[in-house]
Amino acid sequence: MRLTLMPCLAFALMTIFAYATAEPHRQLYWGDTHLHTSYSFDAFLNQNQSADPDTAYRWAKGLPVIHPYTQARVQIETPLDFLVVSDHAEGLGIMRAVVNETAEFEPTSWWAEFQRWLALRLIRRTVEEGTSADIFNDLLPIKSDTPGADPVADPANLPYESVLGDFSKTIKHAWYDIVDAAEHHNDPGKFTAILGWEWSSIPTGANLHRVVMTSDGAEKAKQYLPYGSDQSQYPQDLWAWLDQTSQRTNSEFLAIPHNSNVSKGYMFPEVTLKGQPIDVLYAQTRMAWEPVVEVTQIKGDSETYPSLSPNDEFADFEPYDFYMQKSPQKYQASEGDYARSGLKRGLEIEQRIGVNPYKFGMIGSTDAHTGLSSAEENNFWGKMAHDSTPNTKRGDIIGVTKANGWNMAAAGLAGVWASENTRQAIFNAFKRKEVYATTGPRISVRLFAGWNFTPSDVHVRDMASVGYTKGVPMGGDLTRPSTKQPLTILMRAVKDPVGANLDRIQIIKGWVDSRGQSHEKIFNVAWSGNRTLHANGTLSHVGDTVNRDTLTVGDSIGAKELITVWTDPQFDANQSAFYYARVLQVPTPRHSLFDAVALQIEPPNEGPEVIQERAYTSPIWYTP
């Protein structure tokens, strides 16, 4: 293992004051903030008609449950510490209620009643025949008529008009069911059931989805109904509703964008969705409500992309090159689609207006629609219920985009450093961005930045106390030091107790130069074995011990733990910058290889045979 160390230096008094009093005894908790059940219309229409919120929580706790499609008994390998059931706000519980004939509608005209009767017959028949995915496909948008313009105002973005009429009563019953299930399963200190939902705007196929979560319980949650994109497809209107509702009910909320990789550049844009310049108020409002972004999940990885980071040899992890729309469209990655380029763009905008609108932490979650939070490669139950078996994974599951179950990734999880396993403590960790993403494995990662970490700090028994005392944790901020010293980072990564060894730790740095132009660079800072850095800073491949026949992974490569203090050799006190760690595992089998061995076929060409799972920490920002 390589250790890069720096002699002791003084650090800013303000940083000492701010973090010396911070609680060092935070524990690592694992969870999923993005899981759909049969109460989501698309989950129900894709063969999940039985895995409800109660099923989701029982699975997360480690109990055996019945799979909604196969009817087999299934069970998570390692239970979660917390879970957010985040069903779509749009039509919440409607399809389930329609098929079960429990939907309640307001009376209307005889013609509207007749249209409703016909629609209900169609829905029930298609569900019974197993062709209900066609209804879902019909609801998908078509591609933009005016690429680059406001997608919500685009003529192609026809609003969904339901012939079912007013179903607010049914939505209220569904929301109350979800709230009651969370209250039943919430067990402070042991398991945390967090309330939330998904706002699912997707104009012209540009994914703008956000998961909303709250620290509050039933008393406050039953004072409102989840806000959906059927009320507005503009994120600013979602933020305004969160503000108004929090003031009215004294509730706490935050929103988590996800799948920026298929946002068509609209998730981290240079201008607002309406084409207006990003100003101070917009930037401050966005960061107040969206402190964290989901950077990896089943529909691909959103850290970066090869065309955006051509010098990054690991930029091609689990790409997902499919849009959620009816009409075919060639995938094209843009800077507004990925977290790393979004973080860089935030620095550029900050140079112009003084506020960074993209100063976000990073987490992973699944976005599974099966009611089963499965991010384990050997225990992956698919995106939708009907692509959860090896025999059905090659089936077309999202309309004409032609994505199938083997294009999906078995990902991800959210790691949270919190004082206790409760709703409030976990919510607070999200707000301060002391959270991170993994693509599935439970790799423990800690990261602190400051001005005077020393070689002896890697040997201290309580690394966290040193980190909080001398620096700031992931998600934190540093300002100009009182003297001319470079920035140092103390970091530690420990392998998943039941997973593979670690390959390396990398630091991803982004910064802006005097012209306001952003840059990025990857530093290999700690690694396993006796490898040495090449002249260009790259590192030889760790190796591959995966047995393709038995699906076992050898223990001859990789490290159980990597720890180091790294000094930025290019630190410029006049340049704003961010730093985050990327931790790589040694190669392990992908879920598609498990399927191939089970089916006794050649490995599917939709993905590689083996992958290097990873973790992404939330960044630390330096501002002069």
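User: Where is Ser 388 found?
Analyst: In the loop between strand 10 (361-364) and strand 11 (413-418); strands here are DSSP E runs of at least two residues, helices are H or I runs of at least four, and both are numbered from the N terminus. This is a predicted model, where local features need pLDDT of at least 70, side-chain atom pairs count only at pLDDT 80 or more, and totals for chains, interfaces and linings use all residues. Residues are numbered from 1 along each chain as its sequence is written, and side-chain values use heavy atoms, with hydrogens and water left out.

User: Ser 388: buried or exposed?
Analyst: Ser 388 counts as buried because its relative accessibility is 4% (buried is under 20% relative accessible area, exposed over 50%, partly exposed in between, with a 1.4 Å probe and protein chains only).

User: And what does Ser 388 touch?
Analyst: Leaving out residues up to four places away in sequence, Ser 388 touches His 67, Tyr 69, Thr 70, Trp 381 and Gly 382; contact means heavy atoms within 4.5 Å. His 67 is 321 residues from Ser 388 in sequence, yet their C-alphas are 9.3 Å apart.

User: Switching to helices. At what angle do helix 3 and helix 7 cross?
Analyst: Roughly 25 degrees, with the axes of helix 3 (residues 53-60) and helix 7 (residues 168-185) coming within 9 Å. Axes are lines fitted to C-alpha atoms, for helices over the stretch in contact, and angles run from 0 to 180 degrees between N-to-C directions. Helix 3 and helix 7 are therefore roughly parallel (under 35 degrees; over 145 is roughly antiparallel, 65 to 115 roughly perpendicular, the rest oblique).

User: Which residues make that contact?
Analyst: Pro 53, Asp 54, Tyr 57 and Arg 58 from helix 3, and Ile 178, Ala 181, Ala 182, His 184 and His 185 from helix 7.

User: What about helix 9 and helix 10, how do they pack?
Analyst: Helix 9 (residues 235-249) and helix 10 (residues 280-289) pack at about 65 degrees, axes 10 Å apart. Gln 236, Trp 239, Leu 242, Asp 243 and Ser 246 of helix 9 meet Tyr 282, Thr 285, Arg 286 and Trp 289 of helix 10.

User: Last one: what follows helix 12?
Analyst: Lys 433, with a positive phi near 65 degrees. Within helix 12 (residues 423-431), the buried residues include Phe 427 and Phe 430.
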